[in-house]
Amino acid sequence: MSEKTIFKKIIDKEIPASILYEDDFCLAFRDVMPQAPVHFLVIPKKEIASVNEIDEADAALIGRIFSVIRKLAKDEGIAESGYRVVTNCGADACQTVPHLHYHVIGGRSMAWPPG
Ligand code: AMP
């Protein structure tokens with residue numbers, strides 16, 4: 001059996017995380033290396049490695065994840081100012097944890113170049 005990912009260990013409460021939301025299907029927690037004042041991850045509890053492994057049957061689950069994103073963006077005070085939702089898929093995207101996750105990043109302008 002392959003080793004648990006770090007996110008599966010968070011789901012199973014084997015390692016701590018700053019959890020913002022949890023239900024039977026999804027979990028949201030703060031990223032340990034935040035790229036902005038607000039940076040959290042929303043993941044399915046189901047072990048889906050990446051976007052490549054999302055199945056048609058997961059449609060409701062993915063919809064639920066976006067409901068959680070919407071709720072937490074409001075709770076974190078970034079719904080109006082704006083935020084970025086990113087999911088990295090595979091090596092070229094620098095996906096480091098093979099468990100589907102959506103980064104939600106906000107609280108500063110992401111304009112490039114800055115200014
Ligand atoms: P990615 O590069 O898209 O796979 O992103 C993985 C993210 O998980 C990175 O932003 C990491 O900072 C974050 N991360 C890794 N380990 C943990 C952890 N134990 N708790 C919270 N976030 C983590």
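Y21 has A28 in β2 as its bridge partner, and E22 stands opposite L27 in β2. The model is a predicted one, in which local features need pLDDT of at least 70 and side-chain atom pairs count only at pLDDT 80 or more, while totals for chains, interfaces and linings use all residues. Residues are numbered from 1 along each chain as its sequence is written, and side-chain values use heavy atoms, with hydrogens and water left out.

β1 and β2 run antiparallel and are joined by 3 bridges; two strands pair if DSSP finds at least two bridges between them.

β5 is paired with two strands. Over 5 bridges, β3 and β5 pair in the antiparallel sense, and V38 has G106 in β5 as its bridge partner. β4 is joined to β5 by 4 bridges, also antiparallel, and here Y83 has G106 in β5 as its bridge partner. β5 is mostly covered, with 5 of its 5 residues buried. Buried means under 20% relative accessible area, exposed over 50%, and partly exposed in between (1.4 Å probe, protein chains only). In a regular strand the side chains alternate between the two faces of the sheet. In β5, Y102, V104 and G106 point one way and H103 and I105 the other way, and all are buried.

Which residues of α2 are buried? They are L61, I62, I65, V68, I69, L72 and A73. These residues are on the same side of α2 because they cover an arc of only 130° around the axis, the arc being that of the directions from the helix axis to the C-beta atoms. An α-helix has 3.6 residues a turn, so residues three or four places apart point the same way. The buried residues of α2 pack against β1 (19-22), β2 (26-30), β3 (38-44), β4 (83-86) and β5 (102-106), with contact meaning heavy atoms within 4.5 Å. On the other side of α2, A59, A60, R70 and K74 are exposed. After α2 comes G77, whose phi is positive, near 80°.

The loops remain. S50 is in the loop between β3 and α2 and is buried, with a relative accessible area of 6%. Its side chain is joined to that of E53 by a polar contact of 2.7 Å. A polar contact is a pair of N or O atoms within 3.5 Å; within protein, one must be able to donate a hydrogen and the other to accept it, and residues adjacent in sequence count only if both atoms are side-chain atoms. Not counting residues up to four places away in sequence, S50 touches C89, Q95 and L100.

S81, in the loop between α2 and β4, is exposed at a relative accessible area of 60%. S81 and S18 are 63 residues apart in sequence and 23 Å apart in space, C-alpha to C-alpha.

Some backbone details complete the account. K13 lies in the loop between α1 (6-11) and β1 and has a positive phi of about 60° although it is not a glycine; at 47% relative accessibility, K13 counts as partly exposed. C94, in the loop between β4 and β5, is not a glycine either, yet has a positive phi of about 65°. Its relative accessibility of 55% makes C94 exposed. In the segment after β5 is P113, which a cis peptide bond with omega of about -5° joins to W112.
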